[in-house]
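User: I've got a model open and would like to go through its side chains with you. Can we start once it's up?

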Amino acid sequence: MADVNAVPREEVAGTCPRCGSATLRAYPVLSEGGWFQTVKCQDCLASASRTPWTLLGPVQLTSTGLDLA
């Protein structure tokens, strides 16, 4: 049975910089610094890349993109 709360993880080509495994996956994470889009090794959990994401992560406000001028 699939976990309805699981974050979808997209496969990424390449190898882990730490262990050399080819099991890299991309997905968002929330840490002490805010939301990040990351690529992590699924064997040793090392981060291959980590870039800042939007302030609220996956939450999109209905007011986003409105021109109120």
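User: W35, buried or exposed, or in between?

Analyst: W35 is partly exposed, at 22% relative accessible area. Buried means under 20%, exposed over 50%, and partly exposed in between, with a 1.4 Å probe and protein chains only. This is a predicted model, in which local features need pLDDT of at least 70 and side-chain atom pairs count only at pLDDT 80 or more, while totals for chains, interfaces and linings use all residues. Residues are numbered from 1 along each chain as its sequence is written, and side-chain values use heavy atoms, with hydrogens and water left out.

User: How many aromatic pairs are there?

Analyst: The count is one aromatic pair. W35 and W53 have ring centres 5.9 Å apart and planes at 80 degrees, so they are edge-to-face. The rule takes rings of Phe, Tyr and Trp (its six-membered ring) with centres within 6.5 Å; planes under 30 degrees apart are stacked, over 60 edge-to-face, and the rest tilted.

User: How do strand 3 and strand 4 run, parallel or antiparallel?

Analyst: Antiparallel, with five bridges joining strand 3 to strand 4 (residues 47–52). Two strands pair if DSSP finds at least two bridges between them. T38 has R50 in strand 4 as its bridge partner. The hairpin of these strands has five residues between them, and L45 there takes a positive phi near 65 degrees.

User: Back to R50. Which ring does its charged end sit over?

Analyst: That of F36, with the charged end of R50 3.9 Å from the ring centre. The criterion is NZ of Lys or CZ of Arg within 6 Å of the ring centre and within 35 degrees of the ring normal. R9 likewise lies over the face of Y27, at 4.2 Å from the ring centre.

User: New topic. How many disulfides?

Analyst: Zero in the whole structure. C16 is in none, and its nearest cysteine sulfur, that of C44, is 3.6 Å away. A disulfide is a pair of cysteine sulfur atoms within 2.5 Å.

User: Which residues make up the largest nonpolar core?

Analyst: There are six: C16, L24, A26, V39, C41 and A46. Strand 2 and strand 3 each supply at least two of this core's residues. Such a core is a set of buried Ala, Val, Leu, Ile, Met, Phe, Trp, Tyr and Cys residues joined through side-chain atoms within 4.5 Å.

User: What does A46 contact?

Analyst: Leaving aside neighbours within four places in sequence, C16, R18, V39, K40 and C41. Contact means heavy atoms within 4.5 Å.

User: And the loops. Where are A22 and G33?

Analyst: A22 is in the loop between strand 1 (10–12) and strand 2. G33 is in the loop between strand 2 (24–31) and strand 3 (34–41). A22 is exposed at 55%, and G33 counts as exposed at 56%.

Methods: Helices (H or I, at least four residues) and strands (E, at least two) are DSSP runs, numbered from the N terminus.
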